[in-house]
Amino acid sequence: MANNTLQNITGTILLAGAGKMGGAMLTGWLAGGLDPRRVAVIDPHVSPEIAALEAKGVALNPAVTTAGTIETLVVAVKPQMFREAGAKLKPFVADKTSVVSIMAGTTIASLQDVCGGAVVRAMPNTPAAIGRGITVAVAAPDVSSGQRAVADALLRATGSVEWVDDESLMDAVTAVSGSGPAYVFLLAEELARAGVEAGLPEALATRLARETVAGSGELLHQSELASSTLRQNVTSPGGTTAAALSVLMGEPGLRDLMIRAIAAATQRSRELAK
Ligand SMILES: NC(=O)C1=CN([C@@H]2O[C@H](COP(=O)(O)OP(=O)(O)OC[C@H]3O[C@@H](n4cnc5c(N)ncnc54)[C@H](O)[C@@H]3O)[C@@H](O)[C@H]2O)C=CC1
Ligand SMILES: O=C(O)[C@@H]1CCC=N1
């Protein structure tokens with residue numbers, strides 16, 4: 001979908017790390033109308049898909065002589081790589097450059113320390129690859145409204161965006177929506193496995209589980225009803241769903257497991273900051 005702010009970007013967007021998330025964001029920017037000549041990518045191991053974008057005008061591994069022209073640096077390397085990668089990125093950061101990081105656990109203070117620049121910390125998720133991601137973002141106080149608008153356009157190119165004022169929320173955000181797609185995919189895996197246990201051929205169980213998770217996700221997306229209402233709509237009194245839910249909603253049940261899982265991911269995000 002065309003995005004006016006993306007189309008009006010006049011500086012260069014430098015993407016550091018064009019892997020699964022960085023690559024998905026780049027795809028979204030170009031689909032949203034960002035001029036490929038406005039994009040540069042730094043990544044020592046680009047995929048063939050990213051390398052092919054060079055022919056469209058995307059600059060690959062530019063020299064530091066382009067520093068000063070970088071409007072926004074988007075950092076999408078692994079958090080564990082950041083200290084090393086960030087030092088190499090610092091020369092690209094000029095006075096007016098904003099730095100948008102999607103790295104789990106990496107704090108605004110750490111980004112300011114390693115790279116400088118006006119920092120936006122964001123947490124997207126992999127449905128970004130099909131324009132259906134959700135990103136939560138928090139801006140440092142020195143980020144101007146113009147810089148925030150560009151960051152918002154870059155993040156919104158892959159789905160919806162929620163801005164928060166409190167950076168301390170980002171660890172739990174990472175646990176819920178950043179990592180969240182993995183929990184849903186695990187649900188599809190385990191639903192299929194349980195179907196096989198119940199006697200279904202594996203291929204049929206896999207297809208039923210996949211389509212059930214995908215269709216339910218789409219229903220949740222399109223419906224205005226609460227997820228609890230959609231669940232109740234499936235559940236006939238004394239029927240099959242009620243029998244399964246008495247297990248899933250028993251004690252211990254999915255609620256306890258999910259609380260423990262989210263607590264573990266939140267804690268890991270905090271540890272990555274150290
Ligand atoms: N995969 C996910 O679901 C999500 C990932 N994130 C964050 O996104 C970041 C990237 O994660 P993925 O895309 O999953 O990892 P990935 O491993 O697919 O991508 C990382 C990329 O960084 C490149 N790279 C390594 N060293 C570099 C350097 N010095 N300079 C530039 N590029 C370098 C690698 O070649 C690779 O292409 C992480 O910080 C992660 O926390 C955030 C939200 C969701
Ligand atoms: O697992 C991770 O650390 C990253 C951050 C959120 C999703 N993937």
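## Ground rules

In this predicted model, local features need pLDDT of at least 70 and side-chain atom pairs count only at pLDDT 80 or more, while totals for chains, interfaces and linings use all residues. Residues are numbered from 1 along each chain as its sequence is written, and chains are lettered from A and ligands numbered from 1 in the order in which they are written.

## The chain

The chain holds twelve helices and eight strands (DSSP runs numbered from the N terminus: helices are H or I with at least four residues, strands E with at least two). Its C-alpha trace spans about 70 × 40 × 35 Å along the principal axes.

Of the 274 residues, 35% are buried, meaning that 20 or more other C-beta atoms, placed from the backbone, lie within 10 Å of the residue's own.

Let's look inside. Leaving out residues up to four places away in sequence, Leu15 touches Gly22, Leu26, Val39, Val41, Val74 and Ala76 (C-beta atoms, placed from the backbone, within 7 Å).

## The ligands

Around ligand 1 are 25 residues, of which Gly17, Gly19, Ala85, Met103 and Ala104 come nearest (shell residues have a C-beta atom, placed from the backbone, within 6 Å of the molecule). Helix H2, residues 20-31, gives the most to this shell, with three residues.

Ligand 2 is surrounded by Ala104, Thr174, Gly178 and Ser179.

Note on methods:
Two residues are in contact if their C-beta atoms, placed from the backbone, lie within 7 Å. A residue is buried if 20 or more other C-beta atoms lie within 10 Å of its own, exposed if 12 or fewer, and partly exposed in between; C-beta atoms are placed from the backbone.
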